[in-house]
Amino acid sequence: MIVEGIRLINFRNYKNIFVSFSSDVNILVGKNAQGKTNILEAIYMCSNGRSFRTYRDKEIISFDKDEAYIGANIKVGQLEKFTEIKLHNDKPKRIRVNKSELSNNRELNTGFKVVIFSPDDLKLIKEGPSNRRNYLDNCISQLKPLYGYNLNKYYKVLIQRNNALKSIRLKGDIDSLLDVFDIQLANLGSLIITERRAMIDKLNKESKEIHSSLTKGNESISLYYGTNTPLFKSLKEIENGFLDKLKATRKTDLINRTTEVGPHRDDLLIYINDKESKLFASQGQQRSLVLTLKLSEVEIIKKDIGVYPVLLLDDVFSELDEDRRLYLSKLFNNMQTFITITDAVDIKGLENHNIEYFYVKEGLIFRGKKTWREVNDQ
Ligand SMILES: Nc1ncnc2c1ncn2[C@@H]1O[C@H](COP(=O)(O)OP(=O)(O)OP(=O)(O)O)[C@@H](O)[C@H]1O
Ligand SMILES: [Mg+2]
């Protein structure tokens, strides 16, 4: 998978630029707030239809403009996918691939895939379960767009159920209403639980070796699904078990006015050397764990569709120690990679690669040959 080039118009601090990229390692160098992450964001959007930084498209459109445009020449295997996204201030975005309009973001996911590792991902280990659920959900929906659709539907029903629990007016006939929501939740929820557990099985397989290599055999990683629904095997059993649990907790749900059990409360439990990482992982261990999780995602995508995704490393490469950089840089042989850094000297571990530099300054990009000093002097 390769992003050959990208045009951005009124996209954050880019007025109108076109850049072509190398199929190997692309390093975006620049001081803070110059537009490095904005490039990764644009590439990410071509895979997911939305940003990894915001749900509000308005924030992405340049401050004084009404529209923004991304046009990317993307190659998926032998297929060319000219992907265009038009963002509007006052109406929903439009996405086209090879000039044909897509009806929703999910259709994008059937082709181009990226894996991003940004400083925000460090929240994955220590912060609340929603971070880990999002990681898991993202891994799955990259490969199964229908999963994202079911997840949305689940959350819609959940909101309706919670609203009903909160509504005092409904007191009389609330039980029959909750019966309906419970059946829907159990039906959709069992699909979500099943997919999440299948993904955790895959992640367990991939992550063991990666994490052991990254930590020179010092740490072993194990992942579990933390759930308050019964962990049966078959889909039907999970559905019935979840339904029973919803019935059993209805009384307390009515008192607390919220739904206590279900995949919206579940967690991905990450253990190293049989201890829960959430409770004790050091900064360095957190970084390695997230790297392991991201690289496992990369390998799962490769196994599933036969092609490596594009790897986006925002501000994290320079934070890794030399061993980990070397480990990572071996993988770059297989993947187009984008790395953002603030200091051009800070790139040890990439000596064997064909690197293309992009100097980023105030929404302008200078490819390759120039030295950092030349760019700064302009
Ligand atoms: N909607 C917008 N319109 C115009 N400019 C924007 C918009 N959103 C963000 N910016 C500008 O983009 C710049 C930040 O870009 P970006 O996040 O890519 O920086 P960066 O080079 O990655 O910096 P850092 O090294 O600090 O991460 C800031 O100057 C910010 O003001
Ligand atoms: Mg940045």
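Predicted model: local features only at pLDDT ≥ 70, side-chain atom pairs only at ≥ 80, totals over all residues.
E362 is placed in the loop that links strand 14 (355–361) with strand 15 (364–367). Although E362 is not a glycine, its phi is positive, at about 45°.

A positive phi is also found at D315, where the angle is near 65° in a residue other than glycine. D315 belongs to the loop between strand 12 (310–314) and helix 10 (322–331). Because D315 has 18 C-beta neighbours inside 10 Å, this residue counts as partly exposed.

The same criterion was applied to K156, a residue of helix 4 (residues 145–166). K156 counts as exposed because 12 C-beta neighbours lie inside 10 Å. Between K156 and K58, which stand 98 residues apart along the chain, the C-alpha atoms are separated by 24 Å.

Strands of a sheet pair through backbone hydrogen bonds, in either a parallel or an antiparallel manner. In this model, 6 strands form an open sheet with antiparallel pairing, and their order is 2-1-4-5-6-7. The edges of the sheet are strand 2 (14–20) and strand 7 (100–101), each of which pairs on one side only. Within the sheet, strand 4 (residues 67–76) and strand 5 (residues 79–88) run antiparallel and are joined by 10 bridges. In this pairing, E67 is found opposite H88 of strand 5.

Helix 1 (residues 36–48) lies across several strands, namely strand 1 (2–11), strand 2, strand 4 and strand 5. Relative to strand 1, helix 1 runs at about 110°.

In total, 18 residues surround ligand 1, and the closest are N13, N32, K36, T37 and N38. By residue class, the shell around ligand 1 comprises 10 polar, 4 nonpolar and 4 charged residues.

Methods: Residues numbered from 1 in each chain as written. Chains lettered and ligands numbered in written order. Pairing = 2+ DSSP bridges. Helix = DSSP H or I, 4+ residues; strand = E, 2+ residues; numbered from the N terminus. Contact = placed C-beta atoms within 7 Å. Axes fitted to C-alpha atoms, helices over the stretch in contact; angles between N-to-C directions. Near = placed C-beta within 6 Å. Nonpolar A, V, L, I, M, F, W, Y, C, P; charged D, E, K, R; others polar. Buried ≥ 20, exposed ≤ 12 C-beta atoms within 10 Å, placed from the backbone.
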